[in-house]
Amino acid sequence: MFNLNIFCNESLRIDNFSVSYATVKPTDEFICRKGSKQYDRFFYISNGTIHFELEDGEKLTATAGDIVYLPNNCCYRCFWDSEPTGEHFSVTFVLFNAKNEICTVGDKIEIVFSDKHRKYLSLLMEMNNVWLKGEIGYVFKCNMLFWNWLHNLFVDMTTKSLKYE
């Protein structure tokens with residue numbers, strides 16, 4: 001289960017960070033096999049609908065505004081609906097704890113937040129622009145923006161959780 005509390009309890013560092021934007025041709029299938037993605041990822045679905053078929057047979061559908069977490073070394077099959085064209089941002093990273101061990105935020109693919117107001121989209125667009133420009137200190141700035149993104153996500157998820165308790 002996805003748990004951002006790890007960021008409150010551990011001294012962590014981020015490695016192998018990247019951010020990208022992609023337009024996906026509808027109905028193209030992608031299969032992710034064990035060992036092919038040795039990092040955690042967040043997908044922000046900015047347009048369209050993506051369908052995941054997980055290793056255990058479970059199915060998951062994410063639409064525009066959804067933030068999907070994909071753990072390190074997960075296995076899945078996915079495809080996009082035919083209309084509208086699929087678009088997403090992807091943030092990849094590896095987390096290490098103080099003992100230099102890899103740790104993850106969750107153990108399965110799941111939708112962690114629905115961004116109805118597109119707050120996280122604008123933050124990702126800024127992160128992606130900084131990454132693409134590649135100016136002096138861009139990795140440092142992207143890491144700072146990512147920590148800010150995670151902090152906002154943590155606060156929003158905690159606030160949403162408290163409302164329903």
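User: Why is Asn72 called buried?

Analyst: Happy to walk through that one. Buried means under 20% relative accessible area, exposed over 50%, and partly exposed in between (1.4 Å probe, protein chains only). Asn72 has 17% relative accessibility, so it counts as buried. This is a predicted model, where local features need pLDDT of at least 70, side-chain atom pairs count only at pLDDT 80 or more, and totals for chains, interfaces and linings use all residues. Residues are numbered from 1 along each chain as its sequence is written, and side-chain values use heavy atoms, with hydrogens and water left out.

User: What does Asn72 touch, not counting residues up to four places away in sequence?

Analyst: Taking contact as heavy atoms within 4.5 Å, Asn72 touches Lys37, Gln38, Tyr39, Asp40, Ile102 and Thr104. Asn72 itself sits in the loop between β6 (66–70) and β7 (76–80); strands are DSSP runs of E with at least two residues, helices are runs of H or I with at least four, and both are numbered from the N terminus.

User: What makes β2 and β5 stand at the edges?

Analyst: Strands pair if DSSP finds at least two bridges between them. Four strands form an open antiparallel sheet in the order β2-β7-β4-β5. There, β2 (29–32) and β5 (59–63) each have a single partner strand, so one side of each is left without a neighbour in the sheet.
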